[in-house]
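Here is a short report on one structure. Look at the chain first, then read on.

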Amino acid sequence: MLRRALRPGPSGDRTPVGVAALQVAGVTVRYREVVALEDVHLEVGVGEACGLVGMNGSGKSTLFRTVVGLQRAAAGEVRVLGRGVDRARAEGLIGYVPQQDEIDRDFPVSVRDVVLMGRYHRMGPTRAPRAGDDRAVAAALDRVGLADLAGRRIGRLSGGQRQRVLLARALAQDAAVLLLDEPFTGLDVTSQASVEGVLREFVAAGGSVLVSTHDLASLPQLCSRSVLLHRRVLASGPTAQVLTPENLARTFGLDVPATGGAP
Ligand SMILES: Nc1ncnc2c1ncn2[C@@H]1O[C@H](COP(=O)(O)OP(=O)(O)OP(=O)(O)O)[C@@H](O)[C@H]1O
Ligand SMILES: [Mg+2]
């Protein structure tokens, strides 16, 4: 049963009652002749974490990019807490941790500066941080265990540390919906456990999460619901019911026994 907004998200009452955190309805995305997503439907409830699973090239990153408005859909609609994507972005409702980060390694900014970018939508045109912005940045860095590296140049971090900086940026933003595209890739077991803990806390506080991962073992503890994607949604629902051997075989393009119910 999808949970709908009955209480405020982590950052206050911005959630109309009865509205899902994320609704993707009939979305089709094409890159010239490649159909990356076809008639995709999914919903993430408020205070819910949903896992997104699919093989390489199945359209996961395309889906995230479409939800944040970086990729145009040829058909269909995306709503975030009842708003269109542009409005939701302008209100800072969507925190996005991309699979490939867009920050130039040679760009002379500190870890603190990158996390502060998550506050830009609240700052005026001068982008002068106020005390509340500095506090939010410090708290976010603390939550991902990077407080000690706040002053370091972003280019001088390891890959796993950079991943956590991007999560801190999304947390500092005080977003209501977090979209994380393979956030565990490159993380050691300790860092992964700590990031999972941060996400669970976020959800417990009423936030909503859509997270793609190839780590199926951690999915049941992290996500109450999951979606299997292969250009189209192959299965969705409670994680334990979705992650069946048969469904996974279809999702990863393996041979399915004749009785397996393949389409
Ligand atoms: N900018 C692009 N231009 C053309 N085709 C693209 C582009 N980006 C992705 N594609 C194609 O769209 C399909 C979906 O790609 P996408 O990156 O969304 O997959 P993914 O599920 O995120 O894969 P991975 O697990 O490797 O990250 C693939 O066939 C891919 O080759
Ligand atoms: Mg991807």
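This is a predicted model: local features need pLDDT of at least 70, side-chain atom pairs count only at pLDDT 80 or more; totals for chains, interfaces and linings use all residues.

Residues are numbered from 1 along each chain as its sequence is written, chains are lettered from A and ligands numbered from 1 in the order written, and side-chain values use heavy atoms, without hydrogens or water.

The chain has nine helices and nine strands. These are DSSP runs numbered from the N terminus: helices are H or I with at least four residues, strands E with at least two. Among contacts (heavy atoms within 4.5 Å) with a separation of 6 or more, 66% join residues 24 or more positions apart.

Three strands form an open, antiparallel sheet in the order 2-1-4. Two strands pair if DSSP finds at least two bridges between them. Strand 2 (34–44) and strand 4 (75–80) are the edges, each pairing on one side only. Neighbouring strands are turned by 20° against each other on average, direction ignored. Such angles are taken between N-to-C directions, from 0 to 180 degrees, with axes fitted to C-alpha atoms, for helices over the stretch in contact. Strand 1 (residues 22–31) and strand 2 share seven bridges. Val 27 stands opposite Val 40 in strand 2. Helix 1 (residues 60–67) lies across strand 1, strand 2 and strand 4, at about 115° to strand 1.

**The ligands**

Which residues coordinate the magnesium ion (ligand 2)? Ser 61 (OG) and Gln 99 (OE1) do, at 2.0 to 2.1 Å. Donors are N, O and S atoms within 2.8 Å of the metal (3.2 Å for Na, K and Ca); water is not among the atoms, so sites may look incomplete. Ser 61 sits in helix 1, and Gln 99 in the loop between strand 5 (94–97) and helix 3 (111–116), 38 residues apart. Ser 61 counts as partly exposed because its relative accessibility is 23%. Gln 99 is partly exposed too, at 33%.

The table gives polar contacts, pairs of N or O atoms within 3.5 Å.

| Residue | Atom in the residue | Distance to an oxygen atom of ligand 1 |
|---|---|---|
| Asn 56 | polar side-chain atom | 3.0 Å |
| Gly 59 | backbone N or O atom | 3.0 Å |
| Ser 61 | side-chain N or O atom | 2.8 Å |

Technical notes:
Buried means under 20% relative accessible area, exposed over 50%, partly exposed in between (1.4 Å probe, protein chains only). A polar contact is a pair of N or O atoms within 3.5 Å; within protein, one must be able to donate a hydrogen and the other to accept it, and residues adjacent in sequence count only if both atoms are side-chain atoms.
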